[in-house]
Amino acid sequence: MTPSEPWEDAGEFAGVPDEFQRLWTPHRMAYIQAGPEPLREECPFCEAPKFPDAERLIVARGETAYVLLNLFPYNSGHLLVCPYRHIGTYDQATPEEVAEIGALTQIGMRVLREVSRCDGFNLGMNQGAVAGAGVDGHLHQHIVPRWTSDANFFPIIAKTKALPQLLGEVREAVANAWPTP
């Protein structure tokens with residue numbers, strides 16, 4: 001592999017050489033092997049704040065909520081804004097939690113725009129398993145940065161996302177750019 005060629009030459013692989021280029025994403029295997037309840041016996045959003053920020057990908061902490069990177073992101077920089085309190089739906093949040101989730105979402109968008117130069121965002125909350133929540137017992141807001149050029153055939157044909165940065169690198173960049181109160 002050369003710097004101008006960021007992929008591995010399939011002709012150098014063991015086995016039968018072919019013309020396909022490989023996009024290796026070994027970090028996803030833990031998610032795939034874990035099945036429908038990935039990597040948890042405890043609520044991951046209740047557990048994360050008990051650990052050092054870098055270990056659990058936390059980029060910012062507030063009084064009632066905090067921000068961390070999604071462990072299985074849709075795009076590089078995919079953030080989650082979670083209340084510390086274990087609540088399942090938005091209507092269970094206190095006015096203070098709602099205000100801070102909103103404020104942290106706005107700051108997260110500004111930081112991602114600065115750090116990643118994204119062109120837009122998808123924001124959303126999937127509340128309950130029936131609505132698609134991966135962690136349905138703990139409310140969390142998704143902030144997914146989007147770029148004009150980020151759509152490609154991978155998600156449609158191969159059910160794969162190409163993520164150009166490692167989670168630790170993204171966490172460090174976002175945490176370092178996050179404004180201090």
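Tutor: A charge is said to sit over a ring if NZ of Lys or CZ of Arg is within 6 Å of the ring centre and within 35 degrees of the ring normal. The model is predicted, so to define what is used, local features need pLDDT of at least 70, side-chain atom pairs count only at pLDDT 80 or more, and totals for chains, interfaces and linings use all residues. Residues are numbered from 1 along each chain as its sequence is written, and side-chain values use heavy atoms, with hydrogens and water left out.

Student: How far is the charged end of Arg-56 from the centre of the ring of Phe-51?

Tutor: The charged end of Arg-56 sits over the ring of Phe-51. Its distance from the ring centre is 3.6 Å.

Student: In which order do the strands of the open sheet stand?

Tutor: Two strands pair if DSSP finds at least two bridges between them. The open sheet has five strands with antiparallel pairing, and their order is β1-β2-β3-β5-β4.

Student: Which strands stand at the edges of the sheet, each with a single partner strand?

Tutor: A strand with a single partner has one side left without a neighbour in the sheet. This holds for two strands, so the edges are formed by β1 (58–61) and β4.

Student: Which residue of β2 is the bridge partner of Arg-61?

Tutor: β1 and β2 run antiparallel and are joined by three bridges, and a hairpin connects them through three residues. In one of the bridges, Ile-58 has Leu-68 in β2 as its partner. The partner of Arg-61 in β2 is Tyr-66.

Student: At what angle does α3 run to β5?

Tutor: Axes are lines fitted to C-alpha atoms, for helices over the stretch in contact (heavy atoms within 4.5 Å). Angles run from 0 to 180 degrees between N-to-C directions. Helix α3 lies across β2, β3, β4 and β5, and its angle to β5 is about 15 degrees.

Student: What span does α3 reach from its first C-alpha to its last?

Tutor: Helix α3 covers residues 95–116, which is 22 residues.

Student: Is Tyr-66 buried or exposed?

Tutor: Buried means under 20% relative accessible area, exposed over 50%, and partly exposed in between (1.4 Å probe, protein chains only). The relative accessibility of Tyr-66 is 0%, so Tyr-66 counts as buried.

Student: How many residues apart in sequence are the parts that the pair of Tyr-66 and Tyr-84 ties together?

Tutor: Rings of Phe, Tyr and Trp (its six-membered ring) pair if their centres lie within 6.5 Å; planes under 30 degrees apart count as stacked, over 60 as edge-to-face and the rest as tilted. Tyr-66 and Tyr-84 are stacked, at 5.2 Å centre to centre with 25 degrees between the planes. Because Tyr-66 lies in strand β2 and Tyr-84 in the loop between β3 and α3, the separation in sequence is 18 residues.

Key. Helices (H or I, at least four residues) and strands (E, at least two) are DSSP runs, numbered from the N terminus. The expected span of a helix is 1.5 Å times one less than its number of residues.
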